[in-house]
Amino acid sequence: MSTVIPLIVNPSARRGRAGRRARRIRELFAENGVATRLQQSRGPGDVADLVESLARDGAPRIIVAGGDGTIHEAVNGLMRSASTVALGLVPAGSGNDFAKACGIDPDWQTAASRLAERIAGDVDPTRVDLGRCNDVYFANGVGIGFDAVVSHHADGIRLPLGSLVYMIGLLRALAAGVVTPVLSIEADGFSYKGRATLVNVASGPWVGGQFRIAPDAKNDDGTFDLVLAEPLTRRRIITLVGPLKNGTHLGEQEIRHAQVTRVVVESEAPIPSHIDGEVQPPARRFEIECLPGALRLL
């Protein structure tokens, strides 16, 4: 194809490995007849700004290479632009939860080649649900409570350990202690008031690269899966690690599960959260809604 497609690479993804793969990614696209123009992000928020600017300038397609943080910024840039740009993804992060949910090959080279083939073949984009939490858009999910603490600890690990960083983050979070704030949760067909260890509102099944927090979630069905864990001790969390990785925890007595399109979570005191794995400032109210088919995915 003659059109040159912007390729945005987050060089800090996967603890710095993604930047070293930029040249090879461009070669894989070129081998399939797809010309790209490389742009590398320079810091937090830059991917969102680049995508928004390109979308407003009329780019019909944009490719991003990075992890869940990169796709998180990209969809926020797209939604801010109010454009219909189609987005392509080369997974190059530590967890790649969104890529897994979309059935994208976890090997970055295979994923790049297959994406290039679809672009060269002018294959129509698919529609994927997005969400909004307060004024922030997301692609994969929102975690409130303990899993946000895990994300915080995982963010502090700079070693290139892949999804293992989230397991280390879990151990550090357990060592710091488990807090169970009083929450009020209202959703379509679901209501809860009491203490809870975590609330996860998921568009896709995966969180942290290896935990199937919402095993039945599909990001093209117009709904979210809400997973609530009632108060859990350290010991109980440890015993749930296996079921969480296997996706067999929904039948446990402390776990509640519902499909929702909109949910409001309120806390008596500010609590931590993450959006697509990105740690947010503590807040007391979370208004979350599904945006069916809002993303055109190449």
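1. Helices α8 and α9 cross in a right-handed sense, where right-handed means that the near helix is turned clockwise from the far one by less than a right angle, and left-handed anticlockwise. Their axes come within 11 Å and cross at roughly 160°; α8 spans residues 164-176 and α9 residues 234-246. Because angles over 145 degrees count as roughly antiparallel, α8 is roughly antiparallel to α9. Axes are lines fitted to C-alpha atoms, for helices over the stretch in contact, with angles from 0 to 180 degrees between N-to-C directions.

2. This is a predicted model, in which local features need pLDDT of at least 70 and side-chain atom pairs count only at pLDDT 80 or more, while totals for chains, interfaces and linings use all residues. Residues are numbered from 1 along each chain as its sequence is written, and side-chain values use heavy atoms, with hydrogens and water left out.

3. On the α8 side, the contact (heavy atoms within 4.5 Å) is made by M167, L170, L174, A175 and A176. R234, I237, I238, V241 and K245 contribute from α9. By class, the residues of this contact are 8 nonpolar, no polar and 2 charged. Here Ala, Val, Leu, Ile, Met, Phe, Trp, Tyr, Cys and Pro count as nonpolar, Asp, Glu, Lys and Arg as charged, and the others, Gly among them, as polar.

4. The axes of α3 (residues 46-56) and α4 (residues 68-81) come within 7 Å and cross at roughly 35°. This crossing is right-handed. From α3, D46, V47, A48, D49, V51, E52, A55 and R56 meet T70, E73, A74, G77, L78, R80 and S81 of α4. The contact of α3 with α4 divides into 6 nonpolar, 3 polar and 6 charged residues.

5. Helix α4 has 14 residues and reaches 20 Å from its first C-alpha to its last, close to the 20 Å expected at 1.5 Å a residue. The buried residues include H72, N76 and S81. A82 follows α4 and has a positive phi, near 55°.

6. V136 is found in strand β6, residues 136-138; strands are DSSP runs (E, at least two residues) and helices likewise (H or I, at least four), numbered from the N terminus. Leaving aside neighbours within four places in sequence, V136 is in contact with H72, N76, G131, I275 and Q280. V136 and N76 are 60 residues apart in sequence and 7.1 Å apart in space, C-alpha to C-alpha.

Conventions: Angles under 35 degrees count as roughly parallel, over 145 as roughly antiparallel, 65 to 115 as roughly perpendicular and the rest as oblique. The expected span of a helix is 1.5 Å times one less than its number of residues. Buried means under 20% relative accessible area, exposed over 50%, partly exposed in between (1.4 Å probe, protein chains only).
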